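Hi,

Here is the structure I promised to pass on to you. Have a look at it first, and then read my notes below.

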Amino acid sequence: MYDVIIIGCGQAGLMAARELNKTDADFICLDIRKRVGEPLQCGEGIGKRDFVEIFGRFDYPFVLNEISEHRLIYNGKQRGFYEPYFQIDKPAFERWLAKPVMSRIRCGVLCKDIIVNNDCVDVITAKGDFRTKLVIIATGPNHNLQKKLGLTGSNPRLVACYGGIYNGFKLDEKKFYFI
Ligand SMILES: Cc1cc2nc3c(=O)[nH]c(=O)nc-3n(C[C@H](O)[C@H](O)[C@H](O)COP(=O)(O)OP(=O)(O)OC[C@H]3O[C@@H](n4cnc5c(N)ncnc54)[C@H](O)[C@@H]3O)c2cc1C
């Protein structure tokens, strides 16, 4: 039995894994994606202040541009505001986050269900079941497991913003767009 199973190896799951790695907890991280960071599923914007507070510096190769202005575009209206932001190469950032915990990561594993027992939790996956004392659900916008456990409503909302999916649009790389 594991001490902890982390479901989801995006930024949240990987940060949890890095923290657990500083302890003697026996843990694994599961993700449906075949490789950490790929395919890119969401945005590449990250707040500068928080980033520097957490990682101490920002001269990493995956930090691409510093963004000077955000523009909120909604229903034909626009509003600009200023908040220091970086555009990052998100797959490279996630690979970098994963480095110290790579041996704990199992990719290509879809978690289908979580069964909470009295003294342990069973994680049901397409590649077999895993027993653990604790689960961290870090599945990002996919709330299926949370819904099954009654942890969220039936229609949780996510506001999508700037991201790789907008590649090909003529965007000013010094501005940050919420669309
Ligand atoms: C289009 C779009 C653009 C966005 N742009 C930004 C932005 O610019 N800046 C920003 O800060 N945020 C943005 N977001 C929000 C973004 O989702 C989060 O900031 C960030 O990705 C959250 O990290 P996370 O680790 O919580 O989730 P994710 O990065 O989504 O990681 C979740 C991981 O869980 C895995 N997973 C999910 N379900 C299962 C399962 N059942 N079994 C196994 N693995 C599973 C997924 O494969 C994925 O790797 C955007 C979201 C979208 C949809």
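**A hairpin, a helix and a ligand**

Strand S5 (residues 69-74) and strand S6 (residues 77-81) run antiparallel and are joined by five bridges. Please keep in mind that this is a predicted model. If you look across from histidine 70, you will find phenylalanine 81 of S6 opposite. S5 and S6 form a hairpin, with two residues between them. In that turn, asparagine 75 has a positive phi of about 55 degrees.

Next, the ligand. There are 30 residues around the ligand, and those that come nearest are Gly8, Gly10, Cys42, Gly43 and Gly140. Two or more residues of this shell come from each of helix H1 (11-20), strand S2 (27-31) and strand S3 (45-47). H1 gives the most, with three residues. Sorted by class, the shell around the ligand holds 16 nonpolar, eleven polar and three charged residues.

Which of its residues are buried? They are Gly13, Leu14, Ala17 and Leu20. An α-helix has 3.6 residues a turn, so residues three or four places apart point the same way.

And what do the buried residues of H1 pack against? Their partners are strand S1 (2-7), S2, helix H3 (90-98) and strand S11 (128-137).

Enjoy exploring!

Best wishes

Definitions and conventions: Residues numbered from 1 in each chain as written. Predicted model: local features only at pLDDT ≥ 70, side-chain atom pairs only at ≥ 80, totals over all residues. Near = placed C-beta within 6 Å. Helix = DSSP H or I, 4+ residues; strand = E, 2+ residues; numbered from the N terminus. Nonpolar A, V, L, I, M, F, W, Y, C, P; charged D, E, K, R; others polar. Pairing = 2+ DSSP bridges. Buried ≥ 20, exposed ≤ 12 C-beta atoms within 10 Å, placed from the backbone. Contact = placed C-beta atoms within 7 Å.
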